[in-house]
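Me: I am new to this structure and would like to understand the terms used for it. Please take me through them with care.

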2 protein chains.
Amino acid sequence: MAQQHDTFTIGEVAARTGLSVHALRYYERQDLLVGPVGRTSGGRRAYTAVDVEWLHHCVKLRESGMPLADLTRLAALVRRGPGNEGERLEILEEHLRRVKAQIRALEDSRALIEWKVDVYSDQLRAGSAVGLWDPTRGDDGPPD
Amino acid sequence: MAQQHDTFTIGEVAARTGLSVHALRYYERQDLLVGPVGRTSGGRRAYTAVDVEWLHHCVKLRESGMPLADLTRLAALVRRGPGNEGERLEILEEHLRRVKAQIRALEDSRALIEWKVDVYSDQLRAGSAVGLWDPTRGDDGPPD
DNA sequence: CCTTGATCTAGAGTCCGCTCTAGATCCTAG
DNA sequence: CTAGGATCTAGAGCGGACTCTAGATCAAGG
C-alpha cells in the first residue's frame, strides 16, 4: 500500500501540487522543470521528490503572478548550476517589486470597494431608492 | 484651446483613463458602459463626464481583478436604475472577498520570495557558490 | 482645396495558460 | 486473461482581454 515513494506518478504529483496532469505535461514542454523527468521502463514519467518540491515553488510563484516565461528562465539558471545566483536574484527581486505593487493596488481597490459597499448598505438600510452610480446624477468618489 | 469639455473624444478618454481607444470600443461592445455613448453629427463618440467617471471605476475594479463579465453585470444593474442596490452589493462584496484573499495570498508569496532573496543575497555576499534550488542537493523551504 | 491625423466599423489575430481530444499503450485487480 | 483506469504523444481548442488591420469617413490647419 504505502510505497517507497522515491518517485511519483504524474497523477500523484498532480494531487500533491494542485496542478492538473495536463498542466504538468505542459509545464514540462515549457521547460520549467530543473531537469529531465525520469521515465519508468514503460515510458511513464517518474518524478523525484526534488521535482515535486520545485513544482511546489513554481505553484507558489505562479500564484503570485509570476509568468511561466520567468519560471522557465529561472529553471534554466538552476539547471545550469551554481554560479548564476545574481541572475536568479534579479528575477526574484523584480518579481518581488511587482508583487508589492500589486498588493498596494489591491489595497487601494479594497478601500474603494469597501467604501462603495458601505454606501450601498447605508442606502439600503435607509430604504433610500437613490443609488450610487446613477448615471443621471453623477457620483462622488471616496474622499481620498 | 480649453474647451467646454461637456463631452470628450475617444482619444481624450483614452488619455484620461489609461485605456486604449481599442479597449474603449471593445468595452462598449461588451456593454459595460452605463448608457449608450453619445455621438457627434459626424458619428464620433462623445463621452460625457459621467461616462469617464464610470470608466475610471471600471479601471479600478479591473486592476483589482474583477472580470469584464462582472463589470457588464454591474453596468446592467446601474443602467436599470435604482432599486437593485442589493444585487450590486452582492457583486461588490463577492469581489471584495476575492480581493482580500488575493492580498493574503500575495503577502504569503511576498514572505516566501523575500526569504529566498535574502538567502541568495547572503550566499552571494559570502561568496558561496552553492546555490539554493540546486537540484542535486535538495532545498529547504522557509520555516513556516 | 488638400493633406494629415483622428475616428469609424467589422472582423481577424495575439498572447497566456491551460484544457481537451484521439488513438495507442501500460498496468493492476479480479 | 481481461477489463478498467492511468498514462502516453501530438496537436487542436478555448476563454479572457485585448490589439491590430483594412478601408472608409470626418475634421482642422495651411
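**The sheet of chain A**

Reply: In chain A, three strands make up an open sheet with antiparallel pairing, in the order β1-β3-β2. β1 and β2 (38–39) of chain A lie at the edges with a single partner strand each, so one side of each has no neighbour in the sheet. This is a predicted model, in which local features need pLDDT of at least 70 and side-chain atom pairs count only at pLDDT 80 or more, while totals for chains, interfaces and linings use all residues. Residues are numbered from 1 along each chain as its sequence is written, chains are lettered from A and ligands numbered from 1 in the order in which they are written, and side-chain values use heavy atoms, with hydrogens and water left out.

Me: What makes β1(A) and β3(A) a pair?

Reply: Two strands pair if DSSP finds at least two bridges between them, and two bridges join β1(A) to β3(A), so these antiparallel strands meet the definition. T7(A) has T48(A) in β3(A) as its bridge partner.

Me: Which residues of α1(A) are called buried?

Reply: Buried means under 20% relative accessible area, with exposed over 50% and partly exposed in between (1.4 Å probe, protein chains only). In α1(A) the buried residues are I10(A), E12(A), V13(A), A14(A) and T17(A), and these pack against β1 (7–8), α2 (21–29), β3 (45–48) and α3 (49–63) of chain A. Of the 144 residues of chain A, 42% count as buried.

Me: How many helices and strands does chain A have?

Reply: Helices (H or I, at least four residues) and strands (E, at least two) are DSSP runs, numbered from the N terminus. Chain A has five helices and three strands, which follow one another from the N terminus as β-α-α-β-β-α-α-α.

Me: Which residues come nearest to DNA strand D?

Reply: A residue is near a strand if one of its heavy atoms lies within 4 Å of it. Of the 18 residues around DNA strand D, those that come nearest are R25(A), R39(A), R44(A), R45(A) and Y27(B). Of the atoms of DNA strand D that come within 4 Å of the protein, 67% belong to sugar and phosphate.

Me: Why does R39(A) count as making a polar contact with DNA strand D?

Reply: A polar contact is a pair of N or O atoms within 3.5 Å; within protein, one must be able to donate a hydrogen and the other to accept it, and residues adjacent in sequence count only if both atoms are side-chain atoms. A polar side-chain atom of R39(A) lies 3.0 Å from a phosphate oxygen of DNA strand D, so the pair falls within the cut-off. For Y27(B), a polar side-chain atom is 2.8 Å from a phosphate oxygen of DNA strand D.

Terms used: Contact = heavy atoms within 4.5 Å.
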